[in-house]
Amino acid sequence: MLYLGNVAFTSRFLSEQAYNTQKKLYIWEKFMTMAKKKIVVFTGAGVSADSGIATFRDADGLWANYRIEEVCTPEALKNNRAKVIEFYNLRRKESLTKRPNAGHLAIASMQEWVDVVVVTQNVDNLHEQAGSSRVVHLHGELMKLRSERNPDLIYDINDGWEQSLDERGEDGALLRPHIVFFGESVPMFDTACKIVANADILIVVGTSLAVYPAAALVYYVRDRQVPIYLVDPGNPDTAMIRNPLTHIKERGAVGVPQLVEQLRHELAE
Ligand SMILES: NC(=O)c1ccc[n+]([C@@H]2O[C@H](COP(=O)([O-])OP(=O)(O)OC[C@H]3O[C@@H](n4cnc5c(N)ncnc54)[C@H](O)[C@@H]3O)[C@@H](O)[C@H]2O)c1
């Protein structure tokens with residue numbers, strides 16, 4: 001007797017061929033049900049912490065040596081262009097030495113059995129390096145530059161890490177890091193809201209839920225039934241979340257693979 005879920009198949013009553021066909025159909029149906037599930041993973045600086053990239057709030061992190069107003073605002077770019085370009089050149093150079101950790105890899109692995117979209121606040125490309133194929137960057141991408149005049153003219157930095165001060169786009173305008181600075185609008189926010197509104201399950205990893213509007217994404221889930229899983233060793237601001245919330249108080253590299261394994265089993269039942 002073979003039990004698959006609640007269904008019992010017995011080869012005594014079925015010919016071997018019919019039995020194998022039933023079994024294949026059952027496995028296929030299970031696979032299709034899982035494949036239709038939509039999981040959205042919303043990540044912040046914490047998911048890359050185990051890869052050695054400092055978070056925003058780490059006391060000894062990269063931001064400890066810089067004031068946001070000096071390097072991460074449109075005014076800074078206008079008044080102190082060299083310092084801003086240098087800051088992002090150093091971040092880019094540093095990021096070339098970083099590799100995805102077990103958290104990024106576990107997120108990417110879910111693509112084999114569910115529909116997954118990653119919405120990240122991070123500007124690094126560790127989700128892509130891990131193999132995630134659908135990644136929305138809310139705050140821009142470190143490895144890209146864009147025209148100061150036309151935000152749709154975006155260029156990959158193909159060789160190395162360095163942006164020179166006088167680099168220009170095809171429109172003749174100076175290029176700037178493809179980063180959403182504090183005080184600027186977040187063009188991908190509406191897209192991200194629609195993605196979150198489609199989720200059957202929302203997984204949140206490594207974000208203090210303190211930087212808006214990104215932090216508000218957790219309120220765009222379709223209804224109060226959608227479960228939210230949070231993996232973060234700290235205490236993100238979850239006071240206003242009304243959905244079923246499971247907080248896994250672990251580092252991303254530990255908690256995310258555990259959660260992914262748990263969901264894989266639960267969804268297969
Ligand atoms: N890697 C990056 O691209 C990077 C790095 C620093 C900052 N940022 C930017 O700074 C802003 C900061 O907001 P934020 O909420 O993403 O970061 P944050 O610094 O405000 O919060 C980081 C969160 O990560 C958690 N954390 C720390 N170590 C962790 C670990 N090992 N595993 C999992 N979680 C861990 C902390 O408890 C905290 O809740 C974002 O806009 C982001 O774009 C990006």
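1. A residue is called buried here if 20 or more other C-beta atoms lie within 10 Å of its own. By that criterion, buried residues make up 32% of the 269 residues in the protein. The structure under review is a predicted model, and the points below should be read accordingly.

2. Confidence. The mean pLDDT of the protein is 90, and 90% of its residues reach 70 or more. Residues 1–9 call for caution: pLDDT stays under 50 there, although the model has 13 contacts for this stretch beyond four places in sequence. Where pLDDT is low, the predicted coordinates should not be read in detail.

3. Overall form. The protein contains eight helices and eleven strands. Its C-alpha atoms fill a box of roughly 80 × 40 × 30 Å along the principal axes. Among contacts with a separation of 6 or more, 63% join residues 24 or more positions apart.

4. The largest nonpolar core. In soluble globular proteins, nonpolar side chains tend to be buried together. In this model the largest nonpolar core has 40 residues, and the members that touch the most others are V40, V41, V119, V196 and L202. At least two core residues come from each of β3 (38–43), α5 (102–109), β4 (115–120), α6 (126–130), α7 (189–197), β9 (201–205), β10 (228–231) and α8 (252–268). The largest share, five residues, is supplied by α5. A second, separate core has eleven residues, including I85, V123, L142 and V180.

5. V119 within that largest core. V119 is one of the residues that touch the most other members of the core. When neighbours within four places in sequence are left aside, V119 is in contact with V40, F42, V136, L138, A192, I195, V196 and L217.

6. Helix α5. Why is α5 described as largely enclosed by the rest of the structure? The reason is that seven of its eight residues are buried. These buried residues are A102, G103, H104, L105, A106, I107 and A108. They pack against β3, β4, α6, β9 and α8.

7. R224. This residue is found in the loop between β9 and β10. Is R224 buried or exposed? R224 counts as exposed because it has 8 C-beta neighbours inside 10 Å, and the cut-off for an exposed residue is 12 or fewer. Not counting residues up to four places away in sequence, R224 touches R242 and N243. R224 and N150 are 74 residues apart in sequence, and their C-alpha atoms are 40 Å apart in space.

8. P233. The loop between β10 and β11 (245–248) holds P233. P233 has 14 C-beta neighbours inside 10 Å and therefore counts as partly exposed. Beyond its neighbours within four places in sequence, P233 is in contact with K249, E250 and R251. P233 and G206 are 27 residues apart in sequence, with 7.9 Å between their C-alpha atoms.

9. The ligand. Which residues come nearest to the ligand? Of the 27 residues around the ligand, those are G44, G46, F56, G206 and G234. By class, the shell consists of ten nonpolar, twelve polar and five charged residues. G206, one of the residues that come nearest to the ligand, is also the residue whose C-alpha atom lies 7.9 Å from that of P233.

Key. Residues numbered from 1 in each chain as written. Near = placed C-beta within 6 Å. Nonpolar A, V, L, I, M, F, W, Y, C, P; charged D, E, K, R; others polar. pLDDT = per-residue confidence, 0-100. Contact = placed C-beta atoms within 7 Å. Core = buried A, V, L, I, M, F, W, Y, C linked by C-beta atoms within 7 Å. Helix = DSSP H or I, 4+ residues; strand = E, 2+ residues; numbered from the N terminus.
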